Amino acid sequence: MENFTVGVVVFPGSNCDRDVSWALEGCLDIRTKYLWHESSDLSDVDAIVLPGGFSYGDYLRCGAIARFSPLINALDEFVKSGKRVLGICNGFQILTESGFLPGALVANKNLNFICDDVELDIVSSKGGWFNNGVEKQTIKLPIAHGEGRYYCDSDTLKKLVDNELIALRYKNNPNGSSFDIAGITNEKGNVLGLMPHPERACDETIGGTDGLFTLKSLILK
Amino acid sequence: MDQFAVKVLVRLRSSVLDPAGEATKSASIKLGAEGIKSLRIGKMIEVKIEGNGENEVREKIDLLCDRLFANTVIEDYEYSLEKL
């Protein structure tokens, strides 16, 4: 995997881009490359992470403006080719706004900005994003969001359940998300969006390593 | 070319909980306002736009509303249009 390169997208207002890059390079020895949002050339990256933050200041709606960047326009072909895309927090919001994943992320039920560690049940193994080798079905990851309440209509929810597209559910729903949803995949399984931050759980010294498996799975075919 | 002033209203769909509206309702009651049954917060977007007639401008505004101003998964929109 020495040539495998993960593109980490940088929007104006992204603030987890360096954390993602650090976790991939420092903890997993996976090469990364920052991709400025104005770039549409994805030819030299093998997977992409849309990191957390506040792209375009969250103006209009979280992720709404980022959707129109040249990079997101180029993402359609990248996803169709089967390559992996991981959207974390604001990245998840961008993936729903741009239609790569169904539903939307709206203001937390109690209006709090929640910064906490949460327990999550791994619901679906689609895409192999949470194969951790020990069949661990509950993981702990940090969350940090004000608008992380997953919402979708009942038809969409049924489709998510029937097609096993729900990847993660909160054990104790912190934000009012429909069906306790914390993360979902597309039908093919190569796109994952989640509100928790795996890149902040890659080293025991900062509280846990349950995020390693998800970042590591970026290199899966 | 005609110029139009457009006011777009974007609202959360009634099926979507509006916590900001709920918080504002609670503050309104604390202020002493009586009889408030419901309070929901939306957005207004004002656009000045040129086009060849109302129909063309409506087409442009429909596209903007549907693709950018509102996320139709969670929001509804309506607009009014005034020729300047």
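Visitor: What does the secondary structure of chain A come to?

Guide: Chain A has five helices and eleven strands. The model is a predicted one.

Visitor: What percentage of the residues in chain A is called buried, and what makes a residue buried?

Guide: A residue counts as buried if 20 or more other C-beta atoms lie within 10 Å of its own. In chain A, 52% of the 221 residues are buried. As for contacts in chain A between residues at least 6 apart in sequence, 75% of them join residues at least 24 apart.

Visitor: Why is the sheet of chain A called open, and which strands stand at the edges?

Guide: The nine strands of this open sheet run in the order β2-β1-β3-β4-β11-β10-β9-β6-β7 (chain A), with mixed pairing. At the edges stand β2 (31-36) and β7 (138-145) of chain A; each has a single partner strand, so one side of each is left without a neighbour in the sheet. From one strand to the next, the twist averages 25 degrees.

Visitor: How do you know that strand β4 and strand β11 of chain A pair?

Guide: Pairing requires at least two bridges between the strands. Strand β4 (residues 84-88) and strand β11 (residues 191-194) of chain A have four bridges, in the parallel sense, and the strands therefore count as a pair. Within β4, Gly87(A) stands opposite Gly193(A) in β11(A).

Visitor: How do you know that the span of helix α1 of chain A agrees with what it should be?

Guide: The expected span is 1.5 Å times one less than the number of residues. For the twelve residues of α1 (residues 17-28) of chain A this comes to 16 Å, and the end C-alpha atoms are 16 Å apart, which agrees. Asp29(A), with a positive phi near 60 degrees, follows α1(A).

Visitor: Which residues of α1(A) are buried, and why are they said to line one face of the helix?

Guide: Asp17(A), Val20(A), Ser21(A), Ala23(A) and Leu24(A) are the buried residues of α1(A). Viewed down the axis of α1(A), these residues fall within an arc of 160 degrees, so they line one face of the helix. In an α-helix there are 3.6 residues a turn, so residues three or four places apart point the same way. Among the elements covering the buried residues of α1(A) are β1 (5-10), β2, β3 (47-50) and α5 (212-216) of chain A.

Visitor: What pattern does chain B follow along the sequence?

Guide: The pattern of chain B is β-α-β-α-β, with two helices and three strands.

Visitor: How does the radius of gyration of chain B stand against that of a compact globule, and what percentage of its residues is buried?

Guide: For 84 residues a compact globule would have a value near 12 Å, but chain B has 16 Å. The C-alpha atoms of chain B fill a box of roughly 50 × 30 × 15 Å along the principal axes. Buried residues account for 14% of the 84 residues in chain B.

Visitor: What makes β2 and β3 of chain B edge strands?

Guide: The order in the open sheet is β2-β1-β3 (chain B), and the pairing is antiparallel. β2 (43-51) and β3 (75-83) of chain B each have a single partner strand, so one side of each lacks a neighbour in the sheet. The twist averages 25 degrees from one strand to the next. Strand β1 (residues 2-12) of chain B pairs with β3(B) over nine bridges in the antiparallel sense, and Ser80(B) in β3(B) is the bridge partner of Lys7(B).

Methods: Residues numbered from 1 in each chain as written. Chains lettered and ligands numbered in written order. Predicted model: local features only at pLDDT ≥ 70, side-chain atom pairs only at ≥ 80, totals over all residues. Axes fitted to C-alpha atoms, helices over the stretch in contact; angles between N-to-C directions. Rg over C-alpha atoms; globule rule 2.2 N^0.38 Å. Buried ≥ 20, exposed ≤ 12 C-beta atoms within 10 Å, placed from the backbone. Arc of directions from axis to C-beta. Contact = placed C-beta atoms within 7 Å.
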